[in-house]
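The exercises below are to be worked with the sequence and the structure at hand. Each task is followed by a solution in steps.

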Amino acid sequence: MNNKSYENISSQLLFNSRGKRNISNRLLTLVAGTFAVISITPLILLIAYVLIKGGSQINLDLLILEPQPPGAGVNSAGGIGNAIIGTIIITIIASLISIPIGIGAGVYLAEYSKNGSFSKAIRFGTNVLSGIPSIIAGIVIYALIVVTKVIFGSTFSGIAGGMALSIIMLPIIIKTTDEGLKLVSDDLRRGALAIGASMYTTIMRITLPHAFKSISTGIVLGVARASGETAPLIFTALFSYYHISTFQDIFYEMSSLSVLIYNFALEPYKEQNELAWAASFILVILVLILNLISRLIGNTKPS
Amino acid sequence: MKTEQKNKFSLKLRPSYEKWMDKGFKNITTVMAATVAAVLITILVVVFFESREAINQYGINFIVTSDWDPINNKYGAFTAIYGTIVSSLAALIIAIPLGLGTAIFITEDFFPEKIRFVIGLMVELLAAIPSVVLGLWAIFVMEPFIRPFFNILHNYFGWLPLFSSEAVGPGLAPAIIILSIMILPIITSIARDSIEQVPSKLKEAAYGIGATRWCAIIYITIPAAISGITGGILLALGRAMGETMAVTMIIGNSNQFSLSLFSPGYTISSLLANQFGEADSIQVSSLMYAALILMIMTLIVNVMAQWLVKKLSLKY
């Protein structure tokens, strides 16, 4: 009798693949796997479509020429040359504004602030700023810069577009600078201060170079984000069908890849739509390359 | 001898220019940090002041009516507010299980490390795709592909007000799909990060007392990572509410209120993107009022996200 009950228990201890818990276990694994497949399917479809449909149209003319206004092109809709240049210029303007301010603010938060209410408020403000919808950045710059014509009397301009994008980039750069500097070991800081370096020298020569990797990752990610943004540009940089020829042209309407895609996607003409696909090909490649660069920077070993 | 030693180790005072530079550097960084506050306050003030005229004129009526009549100067944003809330919540309902499932799938060792890494990388690259490109894809590829499925729903469940109209093109439902595609990577990557931070000891202890893999995930890992997961979900909600381009391109942009998901609608951000360019006087002010409402909504969601993360985070 004793023997029998032991047998009973030991048979329960064996792995029973038909047990309820094991069946539900397998089922849930299957569900999670299915979800993972569903999640990456749109990405694969999207990238494949953009690469095939957009990539098939890329040629030298398209990369250089100006686009034709809708309905005007008899055989071709022209090119996207001015939009490529415009995206680069607007992103550079945004970077020139947001990178110094972002790094400076990040340095203040990580090095000088002593967790007082001011720095808490700034950290909170950075988080809030990164959550503000990008279109709001666009309409605020429109109300402040475009309507009032404060910048040398220009209305819609590449400068205004760059300013709107810098609002998007700023919190990204502040956060990565702050977090990168926090990861620098305090021993290095104390060592530098102990041999008589000033705070300025410590930050410039010791902590900033050590955090270079994460800060540059943040900058690259910020640039990638800014170059793909459309909403801040549709009321600030507007759009232009022409190449820029002189430096003064940054005070006038400027085209960009993202606004070109938006405008031409909604046109009823097939040529324009195809130009939009070509522009998305360039934009997606640009953004993916920037993201991979930031990953490469993040993975390299510190010297 | 004594003087010699003194010379050797004499303390050198810092030159005045260095002190000046040190102080100046600190002040510059302080000013730059304050810039963030200044930018934020400027945004709030500009949107508030520009919308004052409409607030005075329409008051609370603006939120509950849905006229958009530039000729008679009657404006109401109910359709847009409804569209914003419905589209972002519905997108969240789709994206939470998908995102969480993917996050669990790439943190558990179902597959070799390399495959999981590739899936994780792909999800993160999806986050980097500009929304205007997603919108373009939605117009020309996704929406025509998915329309028959919507119509099947309409045929069988047409008696439900949600499916009461036929899907003929852009509308709320395709906007919801594209929004869920956009916020999925946010939920996945934040959930993955917080699941990875749960100490492996907790799970090993669960295995030790005989829990199956999914027992451990559901009762141990997810509760331990819940603060990060909820934070990620709320951030995704905020992002979905403010998302502009892809939604504007696919939602159909109509201020006609309709309960059906298949008919065209509006969100606040697409209302702004669509009308701001050609608006003047009171219409600008009304749009700014709508922007103010959108900002308050995203602000509440983001503040709640930060608060919840702090409140729920466990320390090990």
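**Exercise 1.** In this predicted model, compare the span of helix H10 (residues 212-228) of chain A with the expected one, and state how many of its residues are buried.

*Solution.* Helix H10 of chain A consists of 17 residues. From its first C-alpha to its last it reaches 24 Å, close to the 24 Å expected at 1.5 Å a residue. For burial, the cut-off is 20 or more other C-beta atoms within 10 Å. Of the 17 residues of H10(A), 13 are buried, and the helix is mostly covered.

**Exercise 2.** Describe how helix H7 (residues 172-196) of chain B packs against helix H10 (residues 226-242) of chain B.

*Solution.* Start with the axes: they come within 8 Å and cross at roughly 160°. Angles over 145 degrees count as roughly antiparallel, and H7(B) and H10(B) are therefore roughly antiparallel to each other. Next, the handedness: H7(B) passes H10(B) in a right-handed crossing. Then list the contact residues. H7(B) contributes, among them, Leu179(B), Ile183(B), Ile187(B) and Asp193(B), while H10(B) contributes residues including Gly228(B), Gly232(B), Leu235(B) and Arg239(B). Sorted by class, the residues of this contact are 11 nonpolar, four polar and two charged.

**Exercise 3.** Characterise the contact between chain A and chain B, then examine the packing of helix H11 (residues 257-265) of chain A on helix H6 (residues 131-157) of chain B.

*Solution.* Chain A supplies 67 residues to the contact and chain B supplies 67 residues. On the side of chain A that touches chain B, helix H2 (residues 20-55) of chain A gives the most, with 19 residues. That side of chain A has 48 nonpolar, 18 polar and one charged residues.

Now take the helix pair. The axes of H11(A) and H6(B) are 9 Å apart, at an angle of about 20°. This angle makes H11(A) roughly parallel to H6(B). The crossing of H11(A) past H6(B) is left-handed. In H11(A), Ser258(A), Ile261(A), Tyr262(A) and Ala265(A) meet Val132(B), Val133(B), Gly135(B), Leu136(B) and Ile139(B) in H6(B). The classes here are seven nonpolar, two polar and no charged residues.

**Exercise 4.** Is Ile285(A) buried, exposed or partly exposed, and what distance separates its C-alpha atom from that of Val50(A)?

*Solution.* Locate the residue first: Ile285(A) lies in helix H12 (residues 270-299) of chain A. Ile285(A) has 16 C-beta neighbours inside 10 Å and so counts as partly exposed. Finally, the C-alpha atoms of Ile285(A) and Val50(A) are separated by 9.7 Å, although the two are 235 residues apart along the chain.

Definitions and conventions:
Residues are numbered from 1 along each chain as its sequence is written. Chains are lettered from A and ligands numbered from 1 in the order in which they are written. This is a predicted model: local features need pLDDT of at least 70, side-chain atom pairs count only at pLDDT 80 or more; totals for chains, interfaces and linings use all residues. Two residues are in contact if their C-beta atoms, placed from the backbone, lie within 7 Å. Helices (H or I, at least four residues) and strands (E, at least two) are DSSP runs, numbered from the N terminus. Ala, Val, Leu, Ile, Met, Phe, Trp, Tyr, Cys and Pro count as nonpolar, Asp, Glu, Lys and Arg as charged, and the others, Gly among them, as polar. The expected span of a helix is 1.5 Å times one less than its number of residues. A residue is buried if 20 or more other C-beta atoms lie within 10 Å of its own, exposed if 12 or fewer, and partly exposed in between; C-beta atoms are placed from the backbone. Axes are lines fitted to C-alpha atoms, for helices over the stretch in contact, and angles run from 0 to 180 degrees between N-to-C directions. Angles under 35 degrees count as roughly parallel, over 145 as roughly antiparallel, 65 to 115 as roughly perpendicular and the rest as oblique. A crossing is left-handed if the near helix is turned anticlockwise from the far one by less than a right angle, and right-handed if clockwise.
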